[in-house]
Amino acid sequence: PHIIKIVGMPRSGTAFAATILGLHPYCMSYHELAAYDKNWKRTLMNNGCDYVVDATTYGHLEQATIPHTVAIYLNRDAASSHEASKIAFQKPMDPVLFDRLHLDGLAWVIKNDAEFFNTGEVFTLAGMKRLWELSYANNLEFPTDKMIQLQKMNIQHHNGSVIFGDKEFKI
């Protein structure tokens with residue numbers, strides 16, 4: 001299959017990118033597959049789809065290496081990744097590990113001649129289109145209307161004040 005490898009810092013948008021690319025009718029998208037499938041390489045290579053997305057925060061590791069057609073890196077600086085992860089996972093985390101992860105990710109970009117996305121770029125319509133075109137090489141038209149809706153859904157989830165104002169919202 002045509003393997004699309006997406007690597008990024010924690011909280012950089014790897015799951016969102018996998019969701020975007022999974023809208024292609026002949027694509028199977030995975031996010032952090034090795035975390036729940038010990039045969040993840042076999043699953044990626046033998047799932048019957050023409051396109052397969054492997055989106056991870058650990059994809060820069062040597063043991064996570066797989067042959068890929070497209071390599072994409074979603075950047076986020078180590079400090080903001082660390083802060084967002086502490087909030088999301090509700091536990092303390094070592095900031096030094098995030099510094100190391102960021103440096104390893106940047107080295108992976110160079111080694112794999114990966115396409116580099118700036119922080120937050122994948123959440124913009126232009127970034128979504130760029131991701132789609134890099135991954136599918138114009139083999140399928142970019143589904144603009146679906147992407148606009150996906151973008152709206154993500155904004156509502158992450159920024160309630162856009163929808164409800166600055167007042168406290170209780171269910």
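How do the residues of the lining of the largest pocket divide into nonpolar, polar and charged? In this predicted model, the lining comprises 13 nonpolar, 13 polar and three charged residues. The pocket itself has a volume of about 690 Å³, and among the 29 residues that line it, P10, R11, S12, G13 and R76 lie nearest its centre. Two or more lining residues are given by each of the elements α1 (14-21), α3 (78-89), α4 (95-112) and α6 (144-158), with α3 giving the most, namely five residues.

The second largest pocket has a volume of about 190 Å³, and its lining includes K5, H60, E62, D104, W108 and K111. Helix α4 provides the largest share of this lining, five residues, and by class the lining holds three nonpolar, five polar and four charged residues.

Turning to the aromatic side chains, a search of the whole structure finds five aromatic pairs. A pair of this kind is described by the distance between the ring centres and the angle between the planes. For Y51 and Y136 the centres are 4.9 Å apart and the planes stand at 85°, so the pair is edge-to-face. This pair links distant parts of the chain, since Y51 belongs to strand β3 (residues 51-56) and Y136 to helix α5 (residues 125-136), 85 residues apart. Y51 is buried, with a relative accessible area of 11%, and Y136, at 1% relative accessibility, is likewise buried, because the cut-off for a buried residue is under 20%. Together with W132 and F142, Y51 and Y136 form one aromatic cluster. Elsewhere, R130 lies over the face of F117, at 4.1 Å from the ring centre.

Terms used:
Residues numbered from 1 in each chain as written. Predicted model: local features only at pLDDT ≥ 70, side-chain atom pairs only at ≥ 80, totals over all residues. Heavy atoms only, no water. 1 Å grid on protein atoms, 1.4 Å probe; cavity = no way out; pocket = protein on both sides within 12 Å on 5 of 7 lines; lining within 4 Å. Points joined across faces, edges and corners; volume = space filled by probe spheres on them. Helix = DSSP H or I, 4+ residues; strand = E, 2+ residues; numbered from the N terminus. Nonpolar A, V, L, I, M, F, W, Y, C, P; charged D, E, K, R; others polar. Phe/Tyr/Trp six-rings, centres within 6.5 Å; stacked < 30°, edge-to-face > 60°. Buried < 20%, exposed > 50% of the residue type's maximum accessible area, 1.4 Å probe, protein only. Lys NZ or Arg CZ within 6 Å of the ring centre and 35° of its normal.
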